[in-house]
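Reader: I am new to this structure and would like to go through its charged side chains step by step. Could you show it to me?

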Amino acid sequence: MLHNVAAFLIVFQTAVLYFTAGYWKITGKVWQDGVAMYYISRITGFEMSATYAHLMNNAFVGTALCYFTIFIELALPFAILSARPWIRKANTVALEGMHLGIIACMGLVCFGLLMIGADCTCLRDEDYRSLARRFRSVKERVLGRSWPPLPALGMTPVAMTAGQDGTADA
């Protein structure tokens, strides 16, 4: 019972954190104008990626990222409570993508990993089971199409037998 209460409190705290962050962003002038990402890309105190700084020069990309960030942060509490698992999974994947971007573009590794861990608590057990099934089916399709089946152990493919001089014949 203690574990379930602790898990509930972690999810609750994560939902409050994201909703509050989204609320403050939506009331901020630079986020409303869609230029917050541009200003963030110009901060010299972080290890900024040159690609990120270059992308933020594009007004459309910067504005879209600003609004998308606000949307997914405000949507998390509603996604958690949703009866539709695809909403929870899509929101969590979007948040994890955002934090992977923070890790890669800003160099905030500890923050990004902590938030990814907090995001993962927002999914239910059945969400993880369905993601594992989907991953397995995609992996089987990709591996089945890309490479021929591997030969049995101890069997050498005919095309790769060793020649008399020790080199492989093709």
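**Charged side chains**

Author: In this predicted model, R88 forms a salt bridge with D127, and their closest N and O atoms are 2.7 Å apart.

Reader: Which helices hold R88 and D127, and how many residues apart in sequence are the parts that the pair ties together?

Author: R88 belongs to helix α6 (residues 85-106), whereas D127 belongs to helix α8. Both R88 and D127 are buried. Because the two side chains sit in these two helices, the pair ties together parts whose separation in sequence is 39 residues.

Reader: Is E73, which meets K25 in a salt bridge, buried or exposed?

Author: The side chains of E73 and K25 meet with an N to O distance of 2.8 Å, and the pair links distant parts of the chain, with E73 in helix α5 (residues 59-81) and K25 in helix α1 (residues 2-27). K25 has a relative accessible area of 16% and is buried. For E73 the relative accessible area is 4%, and since buried means under 20%, E73 counts as buried.

Reader: About how many helical turns separate D33 and K29?

Author: The side chains of D33 and K29 form a salt bridge at 3.3 Å, N to O. D33 is partly exposed at 39% relative accessibility, while K29 is exposed at 56%. Because they lie 4 residues apart in helix α2 (residues 29-33), the separation is about one helical turn.

Reader: Which residues form the positive surface patch?

Author: One of them, R136, lies in helix α8 (residues 125-146) and is partly exposed, with 44% relative accessibility. The patch is formed by R129, R133, R136 and K139.

How values were computed. Residues numbered from 1 in each chain as written. Predicted model: local features only at pLDDT ≥ 70, side-chain atom pairs only at ≥ 80, totals over all residues. Heavy atoms only, no water. Patch = residues over 30% accessible without salt bridge, like charges linked within 9 Å, V, L, I, M, F, W, Y side chains within 5 Å. Areas by Shrake-Rupley, 256 points an atom, 1.4 Å probe, with all protein chains shown as cover. Salt bridge = Lys/Arg side-chain N within 4 Å of Asp/Glu carboxyl O. Lys, Arg positive; Asp, Glu negative; His and termini not counted. Charge placed at Lys NZ, Arg CZ, Asp CG, Glu CD. Buried < 20%, exposed > 50% of the residue type's maximum accessible area, 1.4 Å probe, protein only.
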